[in-house]
Each structure stands twice: as structure tokens, then as C-alpha cells.
Amino acid sequence: MEEITVHELKQKRESGEEFLLLDVREPFEYEISNIDGHLIPLDQLSERMDELSGYEDKEIVIMCRSGGRSARACEMLSRNGFQNVKNLKGGVNDWAREIDPTLPVY
């Protein structure tokens, strides 16, 4: 599984690269701290995969709190034909520590 660091993600955003940021945390976690990803909780991903239609060949960066759930989501999407999925190493907590210290760490 391919990983991406928070610094690489920041660079992608700043350069305007086209990709989907998929957040697989729970809604209450998203309310605490988020970086504007498309929210589909991991336990709903299999039923809501149609929301990702059109991204089968495009880059999807998947994030959670620290990287565990997003790794499982990467595996799930890869098994379902998505070609270019990357796990955000360290998740939103690394983003808060290294990129935006105003975000709450939980």
C-alpha cells in the first residue's frame, strides 16, 4: 500500500493537483477536527462506494485519525478496482501536529 505524508498532501493541495481526499472517520470525529475531506465512515464505505464513481483511475488520498482505518479503506478500494489509492500517514493528528497546529488532536 502506498502512503503519502502530510507534507506531500499539503504540497498537492497548494499546487492544485486533482485528487479526492476521502475521510473515513466517524461524523463526530470530523466535527472535532477536519481538513475538508469527503466524509464516508469506514463502516459505510462498502455501501457508499458508488459515491466514488469516476475515481477508479484517479488519485484518492484516504485519511483517518492516525492511519489505521484509512489503511483498511485503501485495501478495500484496491480490491474493488480503484487503481490509485494512498494512505495518509499519521492521519489528521499528524496534519494538526505538523501543518496546522490550530486543529484539535484527539
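Biologist: Which are the buried residues of helix 1?

Modeller: Please keep in mind that this is a predicted model. In helix 1, the buried residues are Val6, Leu9 and Lys12.

Biologist: How do those buried residues fall when seen down the axis of helix 1?

Modeller: They fall within an arc of 115 degrees, so the buried residues line one face of helix 1.

Biologist: And which exposed residues does the face turned away from the buried side carry?

Modeller: That face of helix 1 carries the exposed residues Gln11 and Glu14.

Biologist: What covers the buried residues of helix 1?

Modeller: The cover includes helix 4 together with strand 1 (2–4), strand 2 (20–23), strand 4 (59–63) and strand 5 (84–88).

Biologist: At what angle do helix 1 and helix 4 pack?

Modeller: Helix 1 (residues 6–15) packs against helix 4 (residues 91–98) at an angle of about 80 degrees, and their axes are 9 Å apart. That makes helix 1 roughly perpendicular to helix 4.

Biologist: Which residues meet there?

Modeller: From helix 1, Val6, His7, Leu9, Lys10 and Arg13 take part, and they meet Gly91, Asp94, Trp95 and Glu98 of helix 4. The residues of this contact divide into three nonpolar, two polar and four charged.

Biologist: What follows helix 1?

Modeller: Gly16 follows helix 1, and its phi is positive, near 80 degrees.

Biologist: A change of topic: how many disulfides does the structure hold?

Modeller: The structure holds zero disulfides.

Biologist: Is Cys64 buried or exposed? And what about Cys74, buried or exposed?

Modeller: Cys64 is buried, with a relative accessible area of 1%. Cys74 is buried as well, at a relative accessible area of 2%.

Biologist: One more residue, please: where does Ser33 lie?

Modeller: Ser33 lies in the loop that runs between helix 2 (27–32) and strand 3 (38–39). Ser33 is buried, with a relative accessible area of 1%.

Biologist: Which residues does Ser33 touch?

Modeller: Leaving aside residues up to four places away in sequence, Ser33 touches Arg25, Val92, Leu103, Pro104 and Tyr106.

Methods:
Residues are numbered from 1 along each chain as its sequence is written. This is a predicted model: local features need pLDDT of at least 70, side-chain atom pairs count only at pLDDT 80 or more; totals for chains, interfaces and linings use all residues. Side-chain values use heavy atoms; hydrogens and water are left out. Helices (H or I, at least four residues) and strands (E, at least two) are DSSP runs, numbered from the N terminus. Buried means under 20% relative accessible area, exposed over 50%, partly exposed in between (1.4 Å probe, protein chains only). Contact means heavy atoms within 4.5 Å. A disulfide is a pair of cysteine sulfur atoms within 2.5 Å. Axes are lines fitted to C-alpha atoms, for helices over the stretch in contact, and angles run from 0 to 180 degrees between N-to-C directions. Angles under 35 degrees count as roughly parallel, over 145 as roughly antiparallel, 65 to 115 as roughly perpendicular and the rest as oblique. Ala, Val, Leu, Ile, Met, Phe, Trp, Tyr, Cys and Pro count as nonpolar, Asp, Glu, Lys and Arg as charged, and the others, Gly among them, as polar. The arc is that of the directions from the helix axis to the C-beta atoms.
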